[in-house]
Amino acid sequence: ERRPTLFDLPPVIEMARKRVYAAGIEARTTLVPGDFYKDPLPPGHDLAFLSAIIHQNSREENSDL
């Protein structure tokens with residue numbers, strides 16, 4: 001079974017949790033709090049989609065990603 005995982009800072013995860021439950025998709029969605037600058041990405045995924053990240057980083061930070 002493939003399911004999306006949202007990995008973001010803890011305050012963002014809490015906002016997302018409310019929306020995920022309101023939409024009734026909590027059984028199909030995994031929410032993981034963390035900081036991609038410090039924490040490893042959750043394992044077991046074929047794709048990582050970075051939204052609203054690359055535009056705020058420097059070229060060097062994006063290369064490190």
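## A helix pair to start with

Glu14 has 41% relative accessibility, so it counts as partly exposed (buried is under 20% relative accessible area, exposed over 50%, and partly exposed in between, with a 1.4 Å probe and protein chains only). Its partner is Arg17: the two side chains meet in a salt bridge at 3.4 Å, N to O. A salt bridge here is a side-chain nitrogen of Lys or Arg within 4 Å of a carboxyl oxygen of Asp or Glu. Arg17 is also partly exposed, because its relative accessible area is 31%. Both residues sit in helix H1 (residues 10-23), and since they are 3 residues apart there, about one helical turn separates them.

Ala16 belongs to helix H1 too. With 14% relative accessibility, Ala16 counts as buried. Between Ala16 and Leu31 there are 8.1 Å in space, C-alpha to C-alpha, and the two are 15 residues apart in sequence.

## About the model

Please keep in mind that this is a predicted model, in which local features need pLDDT of at least 70 and side-chain atom pairs count only at pLDDT 80 or more, while totals for chains, interfaces and linings use all residues. Residues are numbered from 1 along each chain as its sequence is written, and side-chain values use heavy atoms, with hydrogens and water left out.

## The overall layout

The chain has 2 helices and 2 strands, arranged β-α-β-α from the N terminus on. Helices (H or I, at least four residues) and strands (E, at least two) are DSSP runs, numbered from the N terminus. The C-alpha trace spans about 40 × 25 × 20 Å along its principal axes. Of the 65 residues, 15% count as buried.

## A salt bridge across the chain

In total, the structure holds 2 salt bridges.

## The loop and a surface patch

Lys38 and Ser63 are 25 residues apart in sequence, with 16 Å between their C-alpha atoms.

Leu50 is found in the loop between E2 and H2, and is partly exposed because its relative accessible area is 36%. Together with Ile54 and Leu65, Leu50 forms a nonpolar patch on the surface, with about 260 Å² of accessible area. Patches are made of residues with over 30% relative accessible area and no salt bridge, with like charges joined within 9 Å and nonpolar side chains (Val, Leu, Ile, Met, Phe, Trp, Tyr) within 5 Å; accessible areas come from the Shrake-Rupley method with a 1.4 Å probe, and for residues only the protein chains shown count as cover.

## The largest pocket

The largest pocket holds about 770 Å³ of space. Of its 26 lining residues, Thr5, Leu6, Phe7, Ala48 and Phe49 are the closest to its centre. A pocket is an open set of points on a 1 Å grid over the protein atoms alone, where a 1.4 Å probe fits, with protein on both sides within 12 Å along at least five of seven lines; lining residues have an atom within 4 Å of a point. Grid points are joined across faces, edges and corners, and a volume is the space filled by probe spheres set on the points.

Strand E1 (residues 5-8) gives the largest share of this lining, 4 residues. By type, the lining divides into 15 nonpolar, 6 polar and 5 charged residues (Ala, Val, Leu, Ile, Met, Phe, Trp, Tyr, Cys and Pro count as nonpolar, Asp, Glu, Lys and Arg as charged, and the others, Gly among them, as polar).
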